[in-house]
Amino acid sequence: MTSILESYWQLMLQYLDGKMSTEGFQDAFIGRFKKEKRAMNETEYALLDELFGDADAWSGDPVLRAEMPDFYLDEAALRKQVASAAERIGKLLP
């Protein structure tokens, strides 16, 4: 079992289960990923880095999203990306 993936997976599940707000998830995920010191293999890094980009692209500001709809994600789009990442990570965990 990979403790790195499991710790991020648990965070994703908390968000998907409604136990944290989108802003809370964004702050927690980005903060954790930026401070991550544990070594990751290529697969782990690719999954988490992709989700980092998605979390970074979330904006609660509809005006900002309207100005750059190809970059910024709304809550539904971020949830979809988190669910996809959680599913892929879940398949890697025992």
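Visitor: At what angle do the axes of helix 2 and helix 3 cross, and how far apart do they come?

Guide: The axes of helix 2 (residues 22–35) and helix 3 cross at roughly 135° and come within 10 Å. Helices here are DSSP runs (H or I, at least four residues), numbered from the N terminus. Axes are lines fitted to C-alpha atoms over the stretch in contact, with angles from 0 to 180 degrees between N-to-C directions. This is a predicted model, in which local features need pLDDT of at least 70 and side-chain atom pairs count only at pLDDT 80 or more, while totals for chains, interfaces and linings use all residues. Residues are numbered from 1 along each chain as its sequence is written, and side-chain values use heavy atoms, leaving out hydrogens and water.

Visitor: Which word describes how helix 2 lies to helix 3?

Guide: Angles under 35 degrees are roughly parallel, over 145 roughly antiparallel, 65 to 115 roughly perpendicular, and the rest oblique. Helix 2 is therefore oblique to helix 3. The crossing of helix 2 past helix 3 is left-handed (the near helix is turned anticlockwise from the far one by less than a right angle; clockwise would be right-handed).

Visitor: Which residues in helix 2 and helix 3 meet?

Guide: Look for contact, meaning heavy atoms within 4.5 Å. From helix 2 come Phe25, Gln26, Phe29, Ile30, Phe33 and Lys34, and they meet Tyr45, Leu48, Asp49, Leu51, Phe52, Ala55 and Asp56 in helix 3. By type, there are 9 nonpolar, 1 polar and 3 charged residues in this contact (Ala, Val, Leu, Ile, Met, Phe, Trp, Tyr, Cys and Pro count as nonpolar, Asp, Glu, Lys and Arg as charged, and the others, Gly among them, as polar).

Visitor: At what angle does helix 3 pack with helix 5?

Guide: Helix 3 (residues 42–57) and helix 5 (residues 75–92) pack at about 170°, and their axes are 10 Å apart. The two are therefore roughly antiparallel to each other. Helix 3 supplies Thr43, Leu47, Leu48, Glu50, Leu51, Asp54 and Ala55, while helix 5 supplies Leu78, Gln81, Val82, Ala85, Arg88, Ile89 and Leu92. Sorted by type, this contact has 9 nonpolar, 2 polar and 3 charged residues.

Visitor: How does helix 1 lie to helix 5?

Guide: The axes of helix 1 (residues 3–16) and helix 5 cross at roughly 140° and come within 9 Å. Helix 1 is therefore oblique to helix 5. The residues of their contact divide into 12 nonpolar, 1 polar and 2 charged.

Visitor: Now the loops. Is serine 59 buried or exposed?

Guide: Compare the relative accessible area with the cut-offs: under 20% is buried, over 50% exposed, and in between partly exposed (1.4 Å probe, protein chains only). Serine 59 has 7%, so serine 59 is buried. Find serine 59 in the loop between helix 3 and helix 4 (62–67). Not counting residues up to four places away in sequence, serine 59 touches Leu64, Arg65, Tyr72, Leu73 and Asp74.

Visitor: Where is leucine 73 found?

Guide: Leucine 73 sits in the loop between helix 4 and helix 5. With a relative accessible area of 18%, leucine 73 is buried. Among the residues that leucine 73 touches are Asp54, Trp58 and Gln81.

Visitor: How far apart in space are tyrosine 72 and tryptophan 58?

Guide: They are 5.6 Å apart, C-alpha to C-alpha, and 14 residues apart in sequence. Tyrosine 72 lies in the loop between helix 4 and helix 5. Leaving aside neighbours within four places in sequence, tyrosine 72 is in contact with Ala57, Ser59, Leu64 and Arg65.
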